[in-house]
Amino acid sequence: MTEVDIYRPVNPELLYLRSEQFDNVLKTRKLVVFSQMSIPSDDKVINAGGIPSRDFSFNKNINAGKVYEELKNYLTEYKKLKRIIFAYSEGSRERLFSLMNEYGISDITFAENWNEAVNKAKNKIVLVVGNLPHGFKNEEWCLISEQDILGERRHRRIGKKVTSKDFIADVSSLSVGELVVHIEHGIGKFLGLENITAGGAPHDCLKILYANDAKLFVPVENIDVISRYGVEDDNIQLDTIGGAAWQAKKAKVKQRIRDIAEKLIRIAAERQLKKADVFMPPQGLYDEFCSKFPYSETDDQLNAITEVLQDLNCGIPMDRLVCGDVGFGKTEVALRAAFAVASSGAQVALIVPTTLLARQHYYNFKKRLEGFPVRVKMLSRLVTPKEAEETKKGLADGAVEIVIGTHALLAKDIKFCNLGLLIIDEEQHFGVAHKEKLKQFKSDVHVLTLTATPIPRTLQLSLTGVKQLSIIATPPVDRLAARTFVMPFDGVMIKEAIYREKYRGGQVFFVCPRMSDIFGVEKALCELVPDIRITVAHGQMPVKQLENVMNDFADGKADVLLSTTIIESGIDMPSVNTMIVYRADMFGLAQLYQLRGRIGRGKIRGYCYFTVPKQKHLKPIAERRLNILQALDTLGAGFSLASHDMDIRGSGNILGEEQSGHIKEVGIALYEHMLEEEIRKLKSGEFNSENLTQEEWVPQITTGIPIMIPETYVRDLGVRLGLYKRIGEISDKDGLDEMREELVDRFGKLPDEVDNLLKTVEIKILCKKANIDKIDAGAKGVLLAFKNNTFAAPEKLLDLIARSFGAIKLRPDQKLFVERNLESYVTRVETIKNLVVRISGLLI
C-alpha cells in the first residue's frame, strides 16, 4: 500500500495502489487516476480502480450520533469487502474503538500491522494505526481514515489556550507527608498510596492519617474529595474522622464566604451597571502605530491586546489584569491601550511604584509615540518642580494626554480634565492606602493592571472571575530562561561569576536587602575584584545623582551596579546578564522573582545567584521560597509563582487588608473551591437558604474489580498521583475519551485495571446526574441506593422496574437490586454502566 502524489494545476490528489501497481508506476513513470474521473486518452495512465470513501464528519453539525449511524450503515453495506479503519495513533485508535462500541458498531478487532489487518479483515472490522489521510474503496477493499470519521485533522499543532487553572495545577499536586483536607472529614496527613484488597480485588487508595492515629483509605477514583491544605503552619491540629467539629468549622467558613461572595458580586454588578466611554482607535493611525513595534507579537500578546481593545469598546468600565512574565511584552499591551484612548481624545494615567520604572516607561512611550499627536509627560521626583507644575496644569486643561508617574499622581492637587484609562503597573508594590486612593479613580474609568506576580488577593479575584484575566505565557523569540543557583555566600564563586560576566562583555547587578549592607559589601567587593568598576545606587540618593548613576551604568561606564531593591521593578538593561543577591533569605518570593527578571532580557542566558549566610539555619518558609525559585526557572513561571505565594501566605480576606484571612480553618484549595462555587451560584441565581446547609457529595461505588494504575504501567509515583488527580477531576465523557487517548499515547496499551478505573469514573459521573449515592456490586448482582432515597422522576423509575419483568427489584429499604451472575469483571462493569445509563436517561 503506497502513496503517490499527482500534482495538477489546481491541487494535488493522493491515490493508493497495490505494491505491484506502484512498481509499474516507478518503471513506466505513468500517471495514476481514479476511475470515475475523465481519463485522458494516453497510454501513460493507469486506472487504479478505486473511488474515494464517504466523508462522515459533516454529520457532526447535526449531532455526533449521526456520524456513527452513517458509518455503521456504510460498513454494513460493504461487509463483503475487507473493511479497515486507519487511526493516527494508539490513543486515537482506543478512542475510536470506544466510540464505535458505544454507538452499536460491534465485531471490531485491532491489528498491529498491515499484513495482520489484511488477514483479520476477512470477517471483522479492523482498526489499525497508520497515516491514511482519506479512505477509498474498490472491488476488494473498503478503507476508511480517522479523518473521514472525525473531520479535518490540523497539521499545525494549535497551542492550547492557557488558563489560570493550568498554572496552579502543579501547586495543587499532592506530596507524601503534607497536610490535606477531606471534604467530609477535615484536615489529615497524606501518607501515600496503598494498594488494599476491596471486595476480593486489588484497589489503589490514598492513605490519610487523622487524630488518635485513625487512618482513612480514599479510593483513587474519589481523589477529587481531597485537596491540599496549603497553609504553612506547624501548629495545625489533625481532625477526628466523622467528628462534628469539622462540620461546624466548615459551616462557619461557608457563611463568611457567602458574605464575601455577595459583596464581590455586588461590586462587580455595580461596575456592570455603570457606563464608561467607548474608545475605538482611528484605524489607519492605529495600524501605523502598531507597525512601529520592532518585534513580532506572540499569540498570547495579540490575545491580550484584542481583549483589552474589546473591553475599551463595550461601554462598561474595564477591570482587567494582564499577567505576563517579566519581559514578555506587557508594556506593549499598555502602549496600545493608551494609544487607543489618547487618540480618541481622552487622558491616560500610568502609575508605577518606582521613579526608575517611571523614567523607563516615559522614555519608551515618548519614543514609540514620536510623530503622533499625543503628548506624554512624567510626574515623579526625577522632574523639577517647574516641570511638575506644567504637567499638572496640562492634565487639568487637557493639554497632556498621557501621564506617567509614581504615587505622586495620587496627590490631592492632581486634577484630570477627562481621564479615560488608568494603568497600574506592578500592582503588588502598592500598599493598601494607595489602593484605596486608586479606588476613587476607578468608579467609571477603565482600569488595566499589569503584573508578573500578582499578589494573592488580586490572583484570587481573577480566579473567581471578579476581575477579567489575560495571561501572556509565550516568551519572546530567542529568549532563554535565567539559570538560578541558591548557595552560601562564597567569595570564590562571587569572584568567578563577576569575571565570567565581564569577559563575555556583560554587566552585573549586586543587590542588598538593606541600605546598611551596601557600604560593607562595597568594601568586600573592592578587595575581592579590585580591577572591576563598581557603582552604587539606592533610593536615598539625590535625584540628579541617581539619574547620573543609572545613565553611566547603562552607557557601560561601570561593570557592577551595587544597589538596593530600587532596580526591582521593570528596569530593562539587556547588557546585564548576571545577578548576585546578598542575604536572599530576607526577601519575599515575588521580590526575588522580580529581581531575577531584570537579567537575561536579550538573547544571552542570564545567571542568578541567591546567596545566604554560611552556617545559618534558614526558617522553613525562607528555605521553601528559595527552593520554589530554583525549581521555577522556566520562562513564564510568574503566575505559577504567584500561586505558590498564595499557597504559602493564603489569599486572605479579599475585601480587606488581612492577608492570611480564614483560610487556615479549611485550607486554601477548599476555600478557593467554596468561594468559586458560591460566586457561580449567586451569578446564576441558584442560591437559596437551603444551599448553605447542602453538602457536596461523592457517590460511593464498590465494584469488587481491580482499580489502579499499576506500577509496571507508570513507574513514577508523582506521575501516578498526578494522573489520579486529573482522572478524578474529569466531569464528562469527552474528558474521559481524551484521557484514554493520552494514556495510550504516553504509556502504551491500557491494562485492564486502568480501563476499570476510567469506566468507574464514568459511572461516578452518571451517578451524580441520577442522584445515585451508593453502588455495591459483586458476583451475584448489583445493589443501588439513591441519595436521601429520592429520585426526580419516581413514576418513570417505577415504570422501568415494571418493564424489567423482575430483573430489577425495589426492596423495602428503597434500594434497587439486580440479581445476575456477574463473576466476569467485564460483564459486571458493563451491567452497572447500562443500569446507571438507563436510570439517568429517565431524567431527560
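Colleague: Which residue follows α24, and is its phi positive or negative?
Modeller: G748 follows α24, and its phi is positive, near 105 degrees. Please keep in mind throughout that this is a predicted model.

Colleague: What span should α24 have, and what do its end C-alpha atoms give?
Modeller: Helix α24 covers residues 733-747, which is 15 residues.

Colleague: Which residues of α24 are buried?
Modeller: They are G735, L736, D737, M739, R740, E741, L743 and V744.

Colleague: And what do those buried residues pack against?
Modeller: The buried residues of α24 pack against α3 (90-102), α23 and α25.

Colleague: Let us take α23 and α25 together, then. How are their axes arranged?
Modeller: The axes of α23 (residues 717-728) and α25 come within 10 Å and cross at roughly 30 degrees. An angle under 35 degrees counts as roughly parallel, and α23 and α25 are therefore roughly parallel to each other.

Colleague: Which residues make that contact?
Modeller: From α23 they are Y724, I727 and G728, and from α25 they are L757, L758, V761 and K764. By class, the contact of α23 with α25 has 5 nonpolar, 1 polar and 1 charged residues.

Colleague: What does I772 touch, setting aside residues up to four places away in sequence?
Modeller: I772 touches W697, P699, C767, L784, A785, F786, V836 and I839.

Colleague: C767 is in that list. Where does C767 lie, and is C767 buried or exposed?
Modeller: C767 lies in helix α25. Its relative accessible area is 1%, so C767 is buried.

Colleague: What is in contact with C767 beyond its neighbours within four places in sequence?
Modeller: C767 is in contact with W697, P699, I701, I772, I775 and V836.

Colleague: A change of topic: what about α16, and which of its residues are buried?
Modeller: The buried residues of α16 are D517, I518, V521 and L525. They pack against α15 (491-503), β24 (507-511), β25 (534-537) and β26 (560-563).

Colleague: How far apart are the end C-alpha atoms of α16?
Modeller: They are 21 Å apart. At 1.5 Å a residue, the 14 residues of α16 (residues 515-528) should span 20 Å, which agrees.

Colleague: Staying with β25, where does M541 lie?
Modeller: M541 lies in the loop between β25 and α17 (543-554). M541 is buried, because its relative accessible area is 7%, and the cut-off for buried is under 20%. Leaving aside neighbours within four places in sequence, M541 is in contact with R381, V536, L546 and V549.

Colleague: Now the backbone. What is the phi of D107, and where does D107 lie?
Modeller: D107 has a positive phi of about 60 degrees although it is not a glycine. D107 lies in the loop between α3 and β7 (108-111), and with a relative accessible area of 41% it is partly exposed. For context, most residues other than glycine have a negative phi.

Colleague: And what is the phi of Q814?
Modeller: Q814 has a positive phi of about 70 degrees and is not a glycine. Q814 lies in the loop between β32 (808-810) and β33 (816-819), and its relative accessible area of 41% makes Q814 partly exposed.

Colleague: Finally, the chain as a whole: how many helices and strands are there?
Modeller: The chain has 27 helices and 33 strands. Of its 844 residues, 52% count as buried. Among contacts with a separation of 6 or more, residues 24 or more positions apart account for 72%.

Technical notes:
Residues numbered from 1 in each chain as written. Predicted model: local features only at pLDDT ≥ 70, side-chain atom pairs only at ≥ 80, totals over all residues. Heavy atoms only, no water. Contact = heavy atoms within 4.5 Å. Helix = DSSP H or I, 4+ residues; strand = E, 2+ residues; numbered from the N terminus. Expected span 1.5 Å × (residues − 1). Buried < 20%, exposed > 50% of the residue type's maximum accessible area, 1.4 Å probe, protein only. Axes fitted to C-alpha atoms, helices over the stretch in contact; angles between N-to-C directions. Parallel < 35°, antiparallel > 145°, perpendicular 65-115°, else oblique. Nonpolar A, V, L, I, M, F, W, Y, C, P; charged D, E, K, R; others polar.
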